[in-house]
Protein chains: 2
Amino acid sequence: MRAAFYAGQKTIRVGECAPVAPLSGQVQIRVSHCGICGTDLHVYHGHMDHRVRVPQVIGHEMSGTIVQTGGGVQGFAAGDRVTVMPLDPCGGCPACRAGHGHVCQRLKFIGIDSPGALQTLWTVPAHTLHVLPVSLSLEHAALIEPIAVACHDVRLGEVKAGEYIVVLGGGPIGTLVALVAKAAGARVMVSELNPFRLRLVRELGLEAIDPRETDLVKLVTEQTGDAGADAVFEVSGSAAGAEMMTRLPRVRGRIVVVAVFPTPAQVDLHRFFWRELRLCGARVYQHQDFEQAIELASSRALPFERLITGVYSLDQLETGLLQMEKGGEVMKILVDCSGR
Amino acid sequence: MRAAFYAGQKTIRVGECAPVAPLSGQVQIRVSHCGICGTDLHVYHGHMDHRVRVPQVIGHEMSGTIVQTGGGVQGFAAGDRVTVMPLDPCGGCPACRAGHGHVCQRLKFIGIDSPGALQTLWTVPAHTLHVLPVSLSLEHAALIEPIAVACHDVRLGEVKAGEYIVVLGGGPIGTLVALVAKAAGARVMVSELNPFRLRLVRELGLEAIDPRETDLVKLVTEQTGDAGADAVFEVSGSAAGAEMMTRLPRVRGRIVVVAVFPTPAQVDLHRFFWRELRLCGARVYQHQDFEQAIELASSRALPFERLITGVYSLDQLETGLLQMEKGGEVMKILVDCSGR
């Protein structure tokens with residue numbers, strides 16, 4: 001079997017390796033497709049070297065078919081088409097005991113803290129599995145994980161039908177947040193700078209603007225009858241986004257911080273006071289978000305497959321990472337791990 | 001009758017003036033006591049000159065007795081002992097229409113945007129009134145307004161019995177927030193720099209530390225079994241408070257921004273993401289908060305009267321303002337407007 005290893009700053013090695021047999025409570029999966037996440041690019045850039053023990057197989061947005069199950073695994077069998085929720089909580093910390101295992105204080109993220117999916121055969125705990133319906137292709141199912149991120153964000157943002165939502169940042173996650181919010185019945189406005197992504201977001205049936213060309217505060221104020229947005233999703237991770245996110249919500253409106261801010265940002269706390277705004281951070285997902293993502297994807301409620309702008313072989317992983325690094329005409333890149 | 005006017009930057013004039021007869025829907029109150037709020041000090045310093053039309057009677061933390069009622073006023077009569085919720089919402093903006101009149105988009109705050117309580121006779125809309133129980137002295141009742149602020153903050157912070165709460169800043173509002181949270185059954189830790197206030201807060205039965213002497217993050221982590229605080233109230237308005245507020249909460253913990261931050265602050269948005277923290281701004285109060293404040297004060301559940309560190313006559317208002325400006329051994333200063 002083959003695997004793609006991150007081997008230290010900006011180095012990917014693809015080569016032969018031995019499969020890991022499933023122990024008790026584990027399953028071995030033949031990986032079909034694996035999406036490249038922004039986090040994988042961070043790992044590639046060496047920004048997560050404090051967490052990643054090299055050489056490490058990365059990747060976590062995947063689909064595949066169970067090859068064999070370890071002892072004590074119930075409800076899953078060889079041949080099942082599955083995707084993986086790549087979280088391995090400790091079970092004992094205060095967050096786990098309070099029922100928030102997805103943000104466990106000692107969370108192991110599979111594909112960062114332990115081996116990931118960019119390999120032929122992947123062995124994971126059975127508690128991570130979600131079965132895929134036959135109506136969903138394995139290629140498309142590699143997007144279930146990022147769709148689950150969006151479902152989690154929209155759920156924590158308490159988006160309701162008829163609400164006016166702004167999404168700051170129209171990359172893969174921002175666009176999926178916008179699509180999931182729209183599926184919930186909201187009117188959604190996306191703010192994005194990249195012309196390719198702006199065009200793609202519009203082709204998906206969403207409203208979108210370039211904030212350098214359109215005064216977003218004025219637009220939202222007008223379109224909401226002087227009220228402001230019901231909720232704003234900050235998915236850009238930029239200083240401009242941190243500034244804009246407080247200017248858009250209505251009185252008692254909500255802000256969801258989805259993006260990773262590597263350093264503290266200037267935030268207008270007076271605006272929180274003045275309008276009694278609310279903010280919440282949203283990280284990864286819970287099982288119910290995976291279930292919703294699978295349902296939305298298989299019901300064809302979202303044109304999510306349009307986000308796939310390239311499919312590469314395992315040997316071409318670095319080409320995909322470099323394309324993401326360059327930006328431009330790129331949204332979601334998949335890696336075909338099947339060796340077909 | 002006499003009134004105290006703010007007459008431009010750092011100038012108070014106290015003199016004779018004519019009473020304002022109550023129009024339809026209004027009542028005229030003989031003012032007993034009026035507390036000096038941090039906002040009054042801001043006005044005195046000229047920081048709110050963009051809002052205050054001079055000369056203006058200021059003051060809004062008051063108690064008094066109704067002298068006469070205008071036409072159409074029902075449920076109130078001369079002789080009623082009352083306090084005033086000093087908010088005058090427009091009734092027509094999106095926030096008012098959504099039921100959030102207390103943070104109306106065109107809110108007039110009585111005592112800033114229209115004449116305040118630091119005068120012998122004060123005429124206000126009847127919808128602002130709350131009747132005081134006989135068990136509550138008029139001197140003590142001047143603290144109902146700041147207690148209502150604390151009730152609002154604790155309500156929005158969703159404080160529950162048994163929770164661990166941190167209050168950053170032990171001035172009058174921070175101390176009242178701590179007392180109201182304790183009355184709700186929470187364990188409360190106050191962080192304060194001023195030694196006089198620290199001592200007073202401890203005498204009120206609250207736990208309190210000086211963060212220059214005690215490592216607050218370490219203390220909270222230890223006292224919560226490595227979980228973190230359930231909720232943190234930021235009442236300091238300082239850069240240090242904005243930094244500390246994200247370091248203390250547990251996974252899914254809450255932050256309530258009570259303080260006024262005049263400029264944007266550095267905020268660790270990554271911490272919101274990582275622990276799925278929630279933040280809300282809390283401003284002024286709603287009628288239910290006044291009702292709760294009156295109930296708490298009259299039931300003697302809170303030793304709130306201990307916060308009164310001085311009572312001055314109307315002619316001595318500027319002395320009180322200067323004492324607050326100087327800081328040190330001062331908490332809440334009242335002005336006796338009765339001319340006794």
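Is E276(B) buried or exposed? In this predicted model, E276(B) is buried, with a relative accessible area of 1%, and E276(A) has a relative accessible area of 1% and is buried as well.

**Relation of the two chains**

- Chain B is superposed on chain A by a rotation of 180° with 0.0 Å of shift along the axis, and the RMSD of that superposition is 0.0 Å. The two copies are thus related as by a two-fold rotation axis.
- The copies meet through the same surface, because 100% of the interface residues of chain B are also interface residues in chain A.

- E276(A) is placed in the loop between α9 (269–275) and β17 (278–281) of chain A, and E276(B) is found in the loop between α9 (269–275) and β17 (278–281) of chain B.
- Leaving aside neighbours within four places in sequence, E276(A) is in contact with R252(A) and R271(A) in chain A, and with H102(B), V103(B), H152(B), L156(B), G281(B), A282(B) and R283(B) in chain B.
- With R283(B) there is also a polar approach, in which the side chain of E276(A) reaches the backbone nitrogen of R283(B) at 2.7 Å.
- R283(B) in turn lies over the face of W274(A), at 3.5 Å from the ring centre, while the charged end of R283(A) sits over the ring of W274(B), 3.5 Å from its centre.

**Aromatic pairs**

- A search of the whole structure, over all chains, finds two aromatic pairs. In one of them the rings of Y285(A) and F290(A) have their centres 5.0 Å apart and their planes at 85°, so the pair is edge-to-face, planes over 60 degrees apart being counted that way.
- The rings of Y285(B) and F290(B), with centres 5.1 Å apart and planes at 85°, are likewise edge-to-face.
- Both residues of the chain A pair, Y285(A) and F290(A), are buried, and so are both Y285(B) and F290(B).

**Helix α10 of chain B**

- The twelve residues of helix α10 (residues 287–298) of chain B should span 16 Å at 1.5 Å a residue, and this agrees with the 17 Å between its end C-alpha atoms.
- The buried residues of α10(B) are D289(B), F290(B), A293(B), I294(B), L296(B), A297(B) and S298(B), and they pack against β6 (81–84), β10 (129–131), α4 (144–156) and α5 (172–183) of chain B.
- After α10(B) comes R300(B), whose phi is positive, near 60°.

**H130 of chain A**

- H130(A) lies in strand β10 (residues 129–131) of chain A and counts as buried, at 4% relative accessibility.
- Not counting residues up to four places away in sequence, H130(A) touches R81(A), V82(A), T83(A), M85(A), H287(A), F290(A), E291(A) and I294(A); with H287(A) there is a polar contact between the two side chains, at 2.7 Å.

**Backbone features**

- Most residues other than glycine have a negative phi, and most peptide bonds are trans.
- Phi is positive for E276(B), near 50°, and for V284(A), near 45°; V284(A) is found in the loop between β17 and α10 (287–298) of chain A and counts as buried at 15% relative accessibility.
- The peptide bond from V54(A) to P55(A) is cis, with omega near -10°, and a cis peptide bond also joins V54(B) and P55(B), with omega about -10°.

Technical notes
Residues numbered from 1 in each chain as written. Chains lettered and ligands numbered in written order. Predicted model: local features only at pLDDT ≥ 70, side-chain atom pairs only at ≥ 80, totals over all residues. Heavy atoms only, no water. Helix = DSSP H or I, 4+ residues; strand = E, 2+ residues; numbered from the N terminus. Buried < 20%, exposed > 50% of the residue type's maximum accessible area, 1.4 Å probe, protein only. Polar contact = N/O pair within 3.5 Å; in protein donor to acceptor, adjacent residues only side chain to side chain. Contact = heavy atoms within 4.5 Å. Least-squares fit on C-alpha atoms with pLDDT ≥ 70 in both. Phe/Tyr/Trp six-rings, centres within 6.5 Å; stacked < 30°, edge-to-face > 60°. Lys NZ or Arg CZ within 6 Å of the ring centre and 35° of its normal. Expected span 1.5 Å × (residues − 1).
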